[in-house]
Amino acid sequence: MTVPAPNPREVREASLDELSRLGLPLPPAQFPLVWEPGDEIELRPTAEIEARIAVLHLILARCFGMPPQAAMSWLLGSHLMEMVTPPEWQFVIGGKGDHRSFVLHHDALFALAWVLGLSKQLDPTLAVDERLVERLPQIAEGETFPRWRSRILAAPQHPADAAALLDLHYCLDWAYLETERVGRSLPGLVDANAIGQRRWALEWAVILRGPYHDEPPGWEEVDLST
C-alpha cells in the first residue's frame with residue numbers, strides 16, 4: 001500500500017520533541033529530512049519482511065551455537081536460501097565474519113518485528129522485549145518458515161507510522177552517537193549500536209518514493225553514514 005508521506009517538517013518537530021524529552025542533544029539545524037513534501041511511502045511486502053526476520057533469527061541461532069549443517073538444513077526446508085546475503089551465507093556455513101556485528105542484529109530483528117505488529121513498542125529507552133522470542137520461528141523445534149508465517153498472523157503498521165519512527169531513529173542515531181562521544185549518560189537501557197540497528201531495519205523496511213530517492217536498497221546496501 002503506497003500512501004502520501006506525512007509532512008516531513010511536522011514529523012521532524014515531533015522527533016526533536018522526543019529527543020528533548022529524553023534529554024538528548026538535538027542535531028544541527030541543517031540536519032537533512034528523511035523525505036520531502038510530496039513523496040510517497042510504503043512498506044516492503046510482508047512476506048519479504050517475514051523472510052528477513054527469519055533469516056536474522058537463524059543468524060542469531062548460529063551465533064549462539066547452532067551447527068552450520070542444521071542451519072543450512074533449516075534454510076533449505078524453509079525455502080529461504082535466496083534470502084540470505086553473501087556475508088550471512090559465509091557466516092552460516094563457516095562462521096566467517098564479525099560475530100559481534102551479527103549478534104547486534106538482535107535489535108534490527110526487534111524493529112522489523114514492530115513493523116509487522118509482532119511487538120507493541122519500539123521504545124528507545126527499553127531493551128528488546130524478552131517475549132519476542134515466542135513470536136519468532138521455533139527453529140530448534142523444527143518449525144519451518146511457512147508454518148511460522150501461518151502462526152503469527154502479521155498485522156503490519158501503517159506506512160506513515162513506520163516512516164515517523166524511521167525519522168525518529170534517524171535523529172536518535174545522531175543523538176546517541178553524539179552523547180557517547182562526549183561521555184554523557186544515555187537515557188535508557190540501550191546504546192548507540194542498538195539504535196543504529198533499529199534504524200537499519202527501518203531504513204530497509206520503509207520504502208520512500210520521490211524524485212530524490214533511489215530504488216530500495218538491499219539489506220547489505222542500507223546507508224547509515226548520514
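Which residues line the second largest pocket? The model is predicted: local features need pLDDT of at least 70, side-chain atom pairs count only at pLDDT 80 or more, and totals for chains, interfaces and linings use all residues. Residues are numbered from 1 along each chain as its sequence is written, and side-chain values use heavy atoms, with hydrogens and water left out.

**View 1. The second largest pocket is lined by R9, R12, E13, L16, P27, P28, A29, F31, P32 and L33.**
Its space comes to about 170 Å³. A pocket here is an open set of points on a 1 Å grid over the protein atoms alone, where a 1.4 Å probe fits, with protein on both sides within 12 Å along at least five of seven lines. Lining residues have an atom within 4 Å of a point. Grid points are joined across faces, edges and corners, and the volume is the space filled by probe spheres set on the points. By class, the lining holds 7 nonpolar, no polar and 3 charged residues. Ala, Val, Leu, Ile, Met, Phe, Trp, Tyr, Cys and Pro count as nonpolar, Asp, Glu, Lys and Arg as charged, and the others, Gly among them, as polar.

**View 2. The largest pocket has a volume of about 590 Å³.**
Of its 22 lining residues, V34, E203, L208, Y212 and H213 are the closest to the centre. Helices (H or I, at least four residues) and strands (E, at least two) are DSSP runs, numbered from the N terminus. The most comes from β3, with 3 residues. The lining divides into 13 nonpolar, 2 polar and 7 charged residues.

**View 3. The largest nonpolar core has 74 residues.**
Such a core is a set of buried Ala, Val, Leu, Ile, Met, Phe, Trp, Tyr and Cys residues joined through side-chain atoms within 4.5 Å. Buried means under 20% relative accessible area, exposed over 50%, and partly exposed in between (1.4 Å probe, protein chains only). I49, I53, L112, L172 and W219 have the most contacts inside the core. Helix α7 gives the largest share, 11 residues. Domain 1 (2–43 + 156–209) and domain 2 (46–151) both contribute residues, so the core lies between them.

**View 4. Domain 1 and domain 2 meet through 24 residues of domain 1 in contact with 24 residues of domain 2.**
Contact means heavy atoms within 4.5 Å. The domain bounds come from an automatic or database domain assignment. Taken over C-alpha atoms, the domain centres are 24 Å apart.

**View 5. W219 and T85 are in contact.**
Leaving aside residues up to four places away in sequence, W219 touches R52, L56, T85, E88, H105, A108, L112, W200, A201 and W204. T85 sits in the loop between α3 and α4. At 11% relative accessibility, T85 is buried. Beyond four places in sequence, T85 contacts R52, W219 and E220. The C-alpha atoms of T85 and G218 are 8.9 Å apart, across 133 residues of chain.

**View 6. H79 and L153 each have a positive phi: H79 of about 55 degrees, L153 near 50 degrees.**
H79 lies in the loop between α3 (68–77) and α4 (86–94), and is exposed at 60% relative accessible area. L153 lies in the loop between α6 (145–152) and α7. L153 is exposed too, at 67%.

**View 7. G38 lies in the loop between α1 (8–21) and β2 (40–43).**
G38 is exposed, with a relative accessible area of 75%. Its C-alpha atom is 9.2 Å from that of R209, 171 residues apart along the chain.

**View 8. P45 is found in the loop between β2 and α2 (46–63).**
P45 is partly exposed, at 49% relative accessibility. P45 and M1 are 44 residues apart in sequence and 9.0 Å apart from C-alpha to C-alpha.

**View 9. T226 lies in the segment after β3.**
T226 is exposed, with a relative accessible area of 56%. Not counting residues up to four places away in sequence, T226 touches Y170 and R199. From C-alpha to C-alpha, T226 is 21 Å from G183, 43 residues apart in sequence.
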